[in-house]
Amino acid sequence: MINNQFALIKRELWEHRAIYVMPLVIAVLVSLMSITGQVAVSGFDHAVDIGILGATNLGENERSAAITVLMISLSSTFVFAMWILITFYALDALYAERKDRSILFWRSIPVTDFDTVMSKLLTALVVIPLVTFVVIVVTHLIVLLITSMWLGARGANAWHLIWTAAPFFDNWTATLIFVLALSLWLSPFAGWFLFVSAFTKRSPLLIASLPIAILPLLERIVFKTSVFAEAFFVRSVKMPLFAGLDNLELLFQEGKDLKMVGDASLSLMSLLDLGQFFGSVGLWSGLVVCGLFTTAAIYVRRYRDDS
Amino acid sequence: MTSLVSAHNVSKFYRDVRAVDDVSFEIEKGKITGLIGPNGAGKTTLLKAVLGLTDCQGTLSVLGLDPFRQRKELMQNICFIADVAVLPRWIRVHQLLDFIESVHPHFSRSHAGELLAKTKIKANSKVRELSKGMVTQLHLSIITAVDAKLLVLDEPTLGLDIIFRKEFYGNLLNDYFDGERTIIITTHQVEEIENLLTDVMFINDGKIVLDASMDDLPERYVELLASGEDAEAARRLNPIYERDVFGKKVLMFEGVSRDRLQGMGEVRTPGVADLFVAKVKGAAA
């Protein structure tokens, strides 16, 4: 069972190379941008030197907070890409094998439909976030290394400015929890996409998007209510992982000027509230919906007879 | 003899269409059975039921298992190549072998490697880079390396040229068949497999119209090549089918002894293809 899952997930990575190619491409682009960015600001020699001097004189907490902001801004691109990957992967997972007519071959091998569909769900909800996490960590290191070299070339002490101050453990642990929690939180969509990819004869993306767009509209017109719209909206922006803060206000509070929240020692872990997350009705009801759609996908693959 | 496949009153409906109609048969261990029928006769549906890919009415047992409800156990001891069961085009040959090795308890990686070494297929090639003939070679090599009790081939050589077809059946007999294993084959090219069959089943309109051992055919069926008055006389013996060849009549008889036909013309055992036409067309007439 476990060995089978391992082989099946490896199979998914062979077939869907975008799972690691897309994050790697983004990593290369982000790293290149960090080089060009530093070359670009080099034109403002005076201002840059003053900036570095100012940073050197900051306390450790402030430097740590500044680097945290840099690391988060890097991570956010990957997290966004991760969700796009999960969407397209899940929509393709049970559709491609029917489109290229290899499904009968896969079904001729002693693997149950349950195991096959589970391997695809695990790939979407666990493997893609884990791959994303690893690439985020590597990108952080590369960008900080490039920045250190640039600082060193300008005579600044990069060790002091960056490496003694960067809260790697705090940042990476929080990032790992965040990517996995996000995939669980959005799992009802992943389940729906898998189900669509199991039954649709064409255009899985279109078929999957239509109900998400039309249901709230229909509900509004027919019942004059907005349960669906709110459910979709809440699911999109209000993950109950953050302690007392909304997703959008994670780092900054909007006011006249944007200002950083809390004390300057910005521990990301202290912003996460796992108890609240795992205690939330939203998470569990989402997982139930995901489970129902996945069961339906298994059922469709098992009982479909295309002749 | 033990029955590997045993069907009793098996039927399958697609809405109002009766694809398989109250069919009963037994297939014994160590046999190579040809399942022969025109397009739409219900061959593929019957094979799908045997493979557990579709549910059916009646009692069907394959290796003592209910194929639809015990598919995983069944698939450990059964292999199939269908023209429609294509290999995934994106996969590399060595990946395919890795994968099957890790999920199939009866697959021998080394045996598959030996068989592939005899071909031009490279381990690093993707399936999409191989010709159709090579893909079939690859598929057969994989299946030969599975220690399966039953092999089901549904039009395995469709779209292949004559050289690959001959080679396919040659390899099937040399590398796969050992007298212990059992094979069910369907194909349109009856002549090509005639010599390797031990048993033959004809299916038409969802019903089995002939189920016989190849050894029994000469006793049950006889063909007479005659002309003129001889043909007229022979016609009184109720041939099941009659056709013209170069101005002569070819009459096929079921259950008529050769002695009675001797002297009327040339007596011979009909080929499976002719017998098939006689059975199917004769039934329609």
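Residues are numbered from 1 along each chain as its sequence is written, and chains are lettered from A in the order in which they are written. Because the model is predicted, local features need pLDDT of at least 70 and side-chain atom pairs count only at pLDDT 80 or more, while totals for chains, interfaces and linings use all residues.

**View 1. Helices H10 and H14 of chain A pack together.** Here you meet H10(A), residues 187-199, and H14(A), residues 281-303; helices are DSSP runs of H or I with at least four residues, strands are E runs of at least two, and both are numbered from the N terminus. Their axes lie 7 Å apart at an angle of about 15°, where axes are lines fitted to C-alpha atoms, for helices over the stretch in contact, and angles run from 0 to 180 degrees between N-to-C directions. Ala, Val, Leu, Ile, Met, Phe, Trp, Tyr, Cys and Pro count as nonpolar, Asp, Glu, Lys and Arg as charged, and the others, Gly among them, as polar.

**View 2. Chain A touches chain B.** Chain A brings 19 residues to this contact and chain B brings 25. On the chain A side, H1(A) (2-15) and H6(A) (103-107) each supply at least two residues, and H1(A) gives the most, with six. By class, the chain A side holds seven nonpolar, six polar and six charged residues.

**View 3. Six strands of chain B form an open sheet.** Follow the strands in the order S5-S6-S7-S3-S8-S9, with mixed pairing; two strands pair if DSSP finds at least two bridges between them. At the edges sit S5(B) (78-82) and S9(B) (207-213), each pairing on one side only. S6(B) (150-154) and S7(B) (182-186) run parallel, joined by five bridges, and B:Asp154 stands opposite B:Thr186 in S7(B).

**View 4. S8 and S9 of chain B make a hairpin.** These strands run antiparallel and are joined by six bridges. Two residues lie between the strands, and B:Asp205 in the turn has a positive phi of about 50°.

**View 5. H5 and H6 of chain B run side by side.** The axes of H5(B) (residues 132-144) and H6(B) (residues 162-176) come within 11 Å and cross at roughly 10°. That makes the pair roughly parallel. Contact residues include B:Leu140 of H5(B) and B:Phe168 of H6(B).

**View 6. Two domains of chain B meet.** An automatic or database assignment sets the bounds: domain 1 covers 3-205 and domain 2 covers 216-284. Their centres, taken over C-alpha atoms, are separated by 34 Å. Eight residues from domain 1 and seven from domain 2 take part in the contact. On the domain 1 side, S8(B) gives the largest share, three residues.

Notes:
Parallel < 35°, antiparallel > 145°, perpendicular 65-115°, else oblique.
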